[in-house]
Each structure stands twice: as structure tokens, then as C-alpha cells.
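Hi,

Here is the structure I promised you. Have a look at it first, then read my notes below.

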Amino acid sequence: MNQQKKLLIIDDDPDFVEGIKSILDAANYSVDVAYNPKDGLNALQTMNYDMLLLDIMMGRGAEGIMIARKMRKDAKLRELPVLIITGIREQMAFLFPGEPVHPRFVEVDELVEKPVEPQFLLDKVSALLQAAEARKGKAG
Amino acid sequence: MENKAKILIIDDEEVVLDSCMLILEGGNYDVATEMDGTVGLKTVAEFQPDLVCVDLKMPGISGLEVLEKIHSLDPTIVTIVITGYATVTSAVEAMKKGAYDFIPKPFTPDEFRLIIRRGIERRKLMLETIALRREKEMLRENFAAIVSHELKSPLGAVKQNMFVLMAELSANINESQKNRLDRMMVRIDDLLKLIHSWLRVLSVDIEKVKENFTPLSLPPLIVKAIECVDPQATRKNVEIVTQIGAPLNPFDGDEVSFVEALVNIIGNAVKYSYAGSQVIVSASEKDGVIEIAISDQGVGISKEELPLIFGDFYRGQSGERIEDSHGLGLTISRRILEAHNATLSAESEPEKGTRIIISLPISSNQG
């Protein structure tokens with residue numbers, strides 16, 4: 001049952017995406033990319049992914065958060081592990097006054113700061129995938 | 001013309017109103033008059049004047065009351081008091097209440113024109129100041145977002161790709177090439193750190209840390225801060241020594257930012273130390289105040305520079321050039337410590353060393 005995992009990256013910075021994608025490619029993940037929130041949501045709704053890597057600051061502001069919120073309301077997408085990759089950790093406090101610096105956007109997320117070291121990224125991704133697998137096992 | 005200054009004159013004597021109108025005729029003014037305080041106030045609300053002249057002695061509502069009402073309506077409206085000689089004392093009182101100037105009756109046309117011109121000038125400056133202040137506030141607020149996204153993101157992308165390249169190339173490059181890549185990474189890290197400091201200074205309202213104050217014990221915080229600085233000290237061959245006196249009372253503070261301030265100050269001491277010397281961090285309590293002293297045996301600061309060190313963007317002039325200094329550490333520390341009601345002072349002697357003293361009040365719940 002060791003089939004290739006499918007990941008989706010939603011991030012509007014192609015250079016950054018390239019730097020993330022090549023790490024994941026090399027680790028034998030199948031990686032799709034959406035360069036804007038709209039395409040990203042579309043891909044999430046039409047394809048089956050094992051995990052989402054999501055940028056927060058896109059377009060006119062924190063559009064990544066909108067995606068995370070929409071996912072929370074969607075019965076199917078709610079279970080999808082989300083790794084938030086953002087360069088704005090210290091600004092989270094402004095976006096969510098009164099909330100801790102490390103807010104939980106969706107139930108199954110992790111947050112790492114840009115840029116992210118290759119091994120650290122791979123560890124996070126595999127840990128989230130395993131946790132999702134374990135949850136599924138329990139539910140089934 | 002849109003930018004004609006609007007002037008309202010409130011005086012119960014028709015002859016005064018007429019002559020004022022006459023005097024201001026031909027100037028670039030839009031003039032309205034009222035003979036009664038109550039009606040005058042209504043006109044203030046509708047006409048929205050830049051400047052109002054008020055006679056102090058009027059039947060009905062008094063000039064002083066009119067002044068007060070105008071100021072509560074819009075404090076930027078410039079008010080000038082018209083008064084007879086007999087009421088100079090009340091003119092002074094009016095000035096205390098916020099009137100910009102007063103003109104005693106009778107006055108010459110030139111006197112009146114001059115005082116009006118100055119008043120209008122004042123109004124312009126006030127509006128300009130308000131606009132500038134608002135703009136500055138907006139800049140400050142937006143700066144965080146702009147800096148974060150426009151500067152940090154490209155650097156992040158560069159660094160991300162460097163990570164990958166370094167991994168991919170590791171087998172095919174020689175030692176010197178690898179060193180250069182490592183140096184590039186260090187420089188990018190320095191830039192990211194600098195941007196982070198800017199963000200801290202410009203965007204974070206340090207007063208807000210007060211909302212999260214809890215009673216804290218100092219010694220573990222000092223240990224934590226020293227742990228952060230230790231690698232830097234080891235590299236420079238500087239020893240950090242702690243001397244903590246009898247048990248200290250807790251103080252009210254925010255752990256994360258307080259440690260940040262200590263890290264900055266101790267880090268600074270290490271940065272300006274000579275190799276092989278010591279940095280001494282001591283803490284003792286006296287009369288409800290904890291005194292933390294950070295002493296180094298480094299390059300020191302000259303008398304002229306000493307008062308400047310806690311200012312924005314100051315960096316040391318004396319001694320060797322310090323590579324990764326951008327002059328914000330002490331500013332941030334000062335603001336954090338001030339939010340903790342602590343005071344900072346510094347003593348220094350060039351070539352001998354510097355001693356930074358933090359006086360920190362203990363928690364108010366303690367004896």
C-alpha cells in the first residue's frame with residue numbers, strides 16, 4: 001500500500017514553489033501546483049490530494065486564510081492535512097487579534113516559516129501524512 | 001475658489017461686523033457674520049469655518065461659552081477673541097481655554113488683517129499636521145505588510161532555492177565553492193534578520209505586551225537569554241558569568257519579550273567585547289527594585305556617544321566595525337523594558353568596557 005502520495009502546493013511565488021517542489025519531487029511525492037487561490041480551490045475540489053501546502057499571503061492579502069476557512073466548512077476537505085508555509089509568522093497576531101501566534105486555521109494543520117529547510121519540510125510532510133493515515137485507520 | 005478660507009465673526013455690534021467685513025473684503029476669504037452666540041454656534045456647524053472671531057461680551061450666551069462649544073465641536077477651528085479694553089483679563093482666560101489670539105477693540109484694519117492672516121496660517125498648519133500624522137500612522141501600519149511581503153518573500157524564495165541547490169550540488173562542488181555558498185546563505189540570513197528587526201521596531205506596538213503580564217522570576221530568564229547568546233560568545237571566546245544575589249522577588253512582565261531584551265543587551269555586550277574577556281550579568285534587589293547589570297570589558301563608548309546608544313538606528317562608532325550590527329537591538333530592548341516600567345542606564349569608559357543597568361520594579365503584589 002505504499003503508493004505515491006499526491007500533494008498540492010498553493011503559492012503565488014513561482015520561485016519559492018520551485019524551491020519547495022524540487023525537494024518534494026526528489027522525495028518521490030507527486031506534486032501539483034496552483035499559483036493562485038482560485039485555481040487552488042478548484043484543484044482541491046476536483047482532484048484527490050493527500051495533503052495541501054498552503055501559502056497565506058497571496059493576491060490582495062491573506063487569501064490563503066480564506067482557502068483554509070472554506071476547507072473547514074467542506075466535509076471532504078476538512079480531513080485533508082494542511083501544512084501552512086508562510087513568511088508572516090510575526091504578523092499573525094495582527095490578522096487574528098487576541099489569538100496566539102500559532103493559530104489553528106483548520107483542525108489538521110501545521111505551520112512552518114518560509115524559507116524552510118529541506119529535511120525539516122520532509123519531516124513535517126511525512127508526519128502530517130502519517131497522522132492523517134492513522135486518523136483514517138481509526139475512522140474506518 | 002475652493003480653498004478660500006472661511007471666517008465667521010460673532011459680535012452683537014453691527015458696526016463691528018460691518019467694519020470687519022469691509023476690512024477683509026478683497027482678501028481671499030469667505031466671511032459670514034452673526035450677532036448672537038446661539039445662532040453663531042449653529043452657523044459654525046453649518047458653515048464649517050476655518051476661523052471664528054468671537055466677542056466676549058454679548059447679551060445671551062457668553063463669548064467664553066461660545067468658545068468652549070466651538071472647541072468641543074472641532075478643536076482645529078482657530079478662535080480669536082474680540083474684546084474691549086475692560087475685559088483683557090477675560091481675554092486671557094479665553095486664551096487659557098484655547099483661543100488662539102485676542103484683539104482689543106478698537107483695532108486698526110492692519111491689526112485685524114494681520115491677526116486673521118496669522119490665524120488662518122495656524123489653521124492650515126494644524127490641518128497639515130493632522131494629515132501628516134495620519135499619513136505617518138498609515139505608513140507605519142502598512143510598512144509591516146509591505147516589508148514582510150515585498151522584501152521577505154523574494155529573499156525567502158532565494159534562500160529556499162539555495163537550500164535545494166546546496167543539497168543537489170553537494171557531490172559536485174569543491175570546498176571553496178561550498179564555502180562561498182555557505183557565505184551567501186549567511187548574508188541572506190543577516191538580511192532576513194535585519195528585516196525582522198525593522199518589523200519589530202516599526203510595526204509592533206510594544207505597549208501591547210503589557211496585556212499579557214504575569215509574575216515572572218528573573219533568574220531562569222537570565223539563564224534562557226544567556227543560552228541564546230552562548231554560541232556567539234563561544235565563537236568570540238568571551239565568557240559569560242552570572243552573579244545573582246539573594247532570592248529575588250518576582251516582577252510583572254511578558255516572558256518572551258523580556259528575554260528578547262536581555263538577549264539583545266547581553267548579545268551586544270558580547271559583540272563589543274575583546275576576545276578572551278568576560279561579560280558579567282548580575283542581578284540584585286534593593287527597596288523593591290531589581291537591578292540587572294550587564295558589564296563587558298570591551299571597546300566601550302565615548303562620553304559623547306553614551307547618551308545616543310538607546311536611540312533608533314545607533315551603532316557603535318568606536319573600535320572595530322561590527323559586521324552584523326544594524327543599530328536596532330538596543331532600541332527594541334529599551335522599548336520592551338520601558339513597557340515593563342524599567343529604566344535603562346549606561347556607564348562606559350572607552351577601551352575599558354560598558355555597563356548597562358536595568359532597574360526593574362518588583363511585582364506590585366509583593367511587599
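In chain B, strand E1 (residues 5-10) pairs in the parallel sense with strand E3 (residues 51-55) over four bridges. Strands here are DSSP E runs of at least two residues, helices are H or I runs of at least four, both numbered from the N terminus, and two strands pair if DSSP finds at least two bridges between them. Within that pair, B:Ile10 stands opposite B:Val54.

This is a predicted model, with local features needing pLDDT of at least 70 and side-chain atom pairs pLDDT 80 or more, while totals for chains, interfaces and linings use all residues. Residues are numbered from 1 along each chain as written, chains are lettered from A and ligands numbered from 1 in written order, and side-chain values use heavy atoms, without hydrogens or water.

Back to the sheet: it is open and parallel, with five strands of chain B in the order E2-E1-E3-E4-E5. At its edges sit E2 (29-34) and E5 (101-105), each pairing on one side only.

Helix H3 (residues 63-73) of chain B packs on this sheet, touching E1, E3 and E4 (78-84); contact means heavy atoms within 4.5 Å.

Now for chain A. Which residues lie nearest the centre of the second largest pocket? They are A:Tyr49, A:Glu79, A:Leu80, A:Pro81 and A:Lys136, out of 17 lining residues. (A pocket is an open set of points on a 1 Å grid over the protein atoms alone where a 1.4 Å probe fits, with protein on both sides within 12 Å along at least five of seven lines; lining residues have an atom within 4 Å of a point.) Helix H5 (residues 118-139) of chain A gives the largest share of the lining, six residues.

Cheers

Technical notes. Axes are lines fitted to C-alpha atoms, for helices over the stretch in contact, and angles run from 0 to 180 degrees between N-to-C directions.
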